[in-house]
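Here are my notes for you to read alongside the model. Keep it open and follow along.

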Amino acid sequence: MKIDKISLKWKIFGYILFLTLAIVVVFCVFQILLLDNVYRGTKLKQTKKLMEDVYRLVDQQDVSLILDKTSSLTIQLNELVKDLESNCYIIKKEQVIKEENSNIPESNFVCLYPFDDLSDFDGKINFADLFNQINVVEKPMFVVTDDLEHEYFHQLISEDDKIVKNNDIIYCQRVELADHKSTYMIILYARITPVQPAIKTLKTQLLYITLIVLALAILFAIIISRLISKPLIDMTNEAKKLASGDYDLDFKGHGFLEISELNDTLNYALRELKKTETLKRELLANVSHDLKTPLTLISGYAEVIRDFPTENQSANVQIIIDEANRLKLLVNDLLELSRINAQSEPLKKSNFNLTKLIIEIVERQQKLVESIHFKINFHYDALISIEGDALKIAQVIYNFLTNAINYSKDQHIVDIVQEINNDDVIVKFIDYGIGIKEEEQPLVWQRYYRLDKTHTRSSQGTGLGLAIVKSILDYHGFKYGVISKENEGSTFWFSTKYQEKHIK
Ligand code: ADP
């Protein structure tokens, strides 16, 4: 089975279960398999440390101090060995003549600390042998056995603590005391309590713990996987409805940040799709209306010319020409808009003089509106160059200006202001006409959006002018916007970084 085919629910379930099992296994390994080694290692380390401390304390000290139970040395020694479960011995080897008529000395071993008590080692250690071996080395040594059960010690001596396998650690080191007559040795005797019974108990406990943890993990995995997958499944089902064209729904996923974000994104997409759908319907209605009206007029007047050749021909032909022009305008705008939106043509960018371009357009437009006593003022105090597609930016200026003129009503004046703000140039098209309601201002950039929904023939536009402006400015990456108040007028603006500036 491919991994993508497994549902999220089962994947989460699997991961949690795997994690739990891994934790249980690690726990078992540490508790059961390594416990013995860890315990042994710690005990060895403690014994070595104790040897260092005892050696440091008694080295070169006077024997009498060790023998005196009230001396500070003995008290300190007691303190050192008290906490650990180990015994500490300081042993003296002396030569004595035992038989009266023999002059061969024999070795005698006396325990100085704790006073004269060597019972722990009865039958376990051959002191004579030990003293012989320890005499030649300075370092502390382990007494080890190769017999695990060691009823008695089969004695070996080694520096290597790795071979200490049995349950006793015997660690010895030569030490110099102040009398220099005898040989002295410190012996540390630590018992390693067998951990096997403890491990047995642990095993039983761990079995129960594993079962309980697994049961809890399964429960937890089911709950978590449900919590995560349920909203996703719901959202997927809703999205399927959306794909089949049903926009009457609402995504309700929640519970986790990512799911909430996905939910918000889907709701946003839904809203946008709804808008596009409405826009598409409006667009179809508008296009067919806008195409139908001139076409009806053209065919109507053409029939009049055919049927009544004596009628006022030139006026009728003029109407046909006007309507054909209107059709051309509409088709051109539609083509222009789809071309810019598809971004099929790259922008022909150059460094051009924006101020001069505005002056030219204003002069041309001024001539057209002079007959109705319309005044277009252009205010600027520097010649500014910008980078962009000059032809397309000319279209933007032209569209903003024609709109300002068309929606000026009786106020026959339009101001164009070119301002400089730090590195930016801003061009504003200000009219004092009908203005736009605040809630409608963001909508005017949509194609075919017309505030005048009745589409009276008096309004000359195609409803595509600002959509074209928006596409061009977006394509250039320029900023733009509108500030307007109903019945007081509008200010449409765009801005970009300028390249050069020549003060007038
Ligand atoms: P149109 O061809 O209808 O002018 P536009 O895309 O240029 O299409 O503008 C869309 C709508 O925005 C217009 O129908 C008009 O209602 C509104 N509009 C545009 N410019 C202005 C303005 N300067 N003052 C008031 N309303 C405006």
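1. Some ground rules. This is a predicted model, so local features need pLDDT of at least 70 and side-chain atom pairs count only at pLDDT 80 or more, while totals for chains, interfaces and linings use all residues. Residues are numbered from 1 along each chain as its sequence is written, and side-chain values use heavy atoms, with hydrogens and water left out.

2. Buried residues in α2 include Leu 44, Leu 50 and Val 54 (buried is under 20% relative accessible area, exposed over 50%, partly exposed in between, with a 1.4 Å probe and protein chains only). After α2 comes Gln 60, with a positive phi near 65 degrees.

3. Now the rings. The whole structure has 8 aromatic pairs (Phe, Tyr or six-membered Trp ring centres within 6.5 Å; planes under 30 degrees apart are stacked, over 60 edge-to-face, the rest tilted). Trp 10 and Phe 13 pair edge-to-face, 5.4 Å centre to centre with 90 degrees between the planes. Both sit in helix α1, 3 residues apart. Trp 10 counts as exposed at 52%, but Phe 13 is buried at 17%.

4. Phe 400 and Phe 492 make a tilted pair, 5.5 Å centre to centre and 35 degrees between the planes. Phe 400 is in helix α10 and Phe 492 in strand β13, so the pair ties together parts 92 residues apart in sequence.

Definitions and conventions
Helices (H or I, at least four residues) and strands (E, at least two) are DSSP runs, numbered from the N terminus.
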